[in-house]
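Take a look at the fold below. Keep it in view while you read, and find each residue as it is named.

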Amino acid sequence: MFKELRRKKKQMSEQEALGILKNGREGVLATLGADGYPYAVPLNYALHDGNIYFHCAKTGHKIDNLAHHAKVSFCVVAGAEIIPEKFSTRFTSVIVFGIATEVFDDDKEAGLLALVQRYSSEYIPEGKKYIASDINKTKVFRIKIEHMTGKATR
């Protein structure tokens with residue numbers, strides 16, 4: 001179902017790819033709308049228990065698309081350097097394919113806490129209070145990874 005990477009020598013191991021996901025700063029989520037157009041949006045995320053979690057507003061383009069079609073693609077690029085004299089780029093990236101589903105209750109709280117730990121690790125107690133007070137003001141989604149490829153030019 002998923003195509004294999006054409007240039008095998010650039011393929012990362014699964015562990016390397018997970019490391020990019022774990023340490024990347026932001027990713028780009030690609031969804032498909034009812035009108036047939038793709039929509040790609042940058043967002044913060046957390047890798048938690050082998051899944052990708054993100055939060056968002058309760059309404060919007062992304063929510064409409066996810067309601068239409070739960071299959072998504074998610075990309076993280078870690079470090080890209082243009083090499084002008086070689087007409088090339090040195091980079092590492094990971095592309096994930098999966099199913100995005102909204103999570104609730106304990107899973108929603110765990111996803112939000114994973115985001116706090118990732119982006120505000122010095123403020124865990126405050127983050128927990130923030131989650132408790134605002135948990136009903138946001139949606140949280142989990143991307144179950146079905147396929148992942150990591151690629152690097154070294």
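Leaving out residues up to four places away in sequence, Thr-101 touches Val-140, Phe-141 and Arg-142. Thr-101 sits in strand S6. Thr-101 is partly exposed, with a relative accessible area of 32%. Now look for Leu-18. Thr-101 and Leu-18 are 83 residues apart in sequence, and their C-alpha atoms are 20 Å apart in space.

**The whole protein**

This is a predicted model. The protein has 4 helices and 7 strands. Along the sequence they follow the pattern α-β-β-β-β-α-β-β-α-α-β. The C-alpha trace spans about 55 × 40 × 25 Å along its principal axes. Of the 154 residues, 37% are buried.

How far apart in sequence are the residues that meet? Take the contacts between residues at least 6 apart in sequence: 71% of them join residues at least 24 apart.

The surface comes next. The protein exposes about 9700 Å², and carbon and sulfur atoms supply 53% of that area. As for charge, there are 23 positive and 18 negative side chains. The centres of these two sets lie 7 Å apart.

**Salt bridges**

How many salt bridges does the structure hold? It holds 3.

| Positive residue | Negative residue | Closest N and O atoms |
| Lys-139 | Glu-102 | 3.3 Å |
| Arg-142 | Asp-107 | 2.2 Å |
| Lys-137 | Asp-134 | 3.5 Å |

Begin with the salt bridge of Lys-139 and Glu-102. Lys-139 lies in strand S7 (residues 139-152) and Glu-102 in strand S6 (residues 88-102), so this pair ties together parts that are 37 residues apart in sequence. Lys-139 is buried, with a relative accessible area of 18%. That value is under 20%, the limit for buried. Glu-102 is partly exposed at 25%.

Arg-142 forms a salt bridge with Asp-107. This pair also links distant parts of the chain. Arg-142 is in strand S7, while Asp-107 is in helix H3 (residues 105-119), 35 residues apart. Both partners are partly exposed: Arg-142 has a relative accessible area of 24%, and Asp-107 has 22%.

The remaining pair is Asp-134 with Lys-137. Lys-137 counts as exposed, at 60%.

**The nonpolar cores**

Now go inside. The largest nonpolar core has 23 residues. Those with the most contacts inside this core are Leu-29, Phe-54, Phe-74, Val-96 and Ile-143. Which elements give two or more residues to it? They are helix H1 (14-23), strand S2 (38-43), strand S4 (51-56), helix H2 (61-68), strand S5 (71-83), S6 and S7. Strand S7 gives the most, with 4 residues.

Ile-143 is then in contact with Leu-29, Asn-51, Ile-52, Phe-54, Val-72, Phe-74, Val-96, Gly-98, Ile-99 and Ala-100.

A second, separate core has 10 residues, including Ala-46, Val-103, Leu-112 and Val-140.

End with the backbone. Most residues other than glycine have a negative phi.

Where is Asp-49? Asp-49 lies in the loop between strand S3 (46-48) and S4. Asp-49 counts as exposed, at 67% relative accessibility.

Asp-105 is found in helix H3. Asp-105 is exposed too, with a relative accessible area of 65%.

Methods:
Residues are numbered from 1 along each chain as its sequence is written. This is a predicted model: local features need pLDDT of at least 70, side-chain atom pairs count only at pLDDT 80 or more; totals for chains, interfaces and linings use all residues. Side-chain values use heavy atoms; hydrogens and water are left out. A salt bridge is a side-chain nitrogen of Lys or Arg within 4 Å of a carboxyl oxygen of Asp or Glu. Buried means under 20% relative accessible area, exposed over 50%, partly exposed in between (1.4 Å probe, protein chains only). A nonpolar core is a set of buried Ala, Val, Leu, Ile, Met, Phe, Trp, Tyr and Cys residues joined through side-chain atoms within 4.5 Å. Contact means heavy atoms within 4.5 Å. Accessible areas come from the Shrake-Rupley method with a 1.4 Å probe; for residues, only the protein chains shown count as cover. Lys and Arg count as positive and Asp and Glu as negative; His and the chain ends are not counted. The place of a charge is taken as NZ of Lys, CZ of Arg, CG of Asp or CD of Glu.
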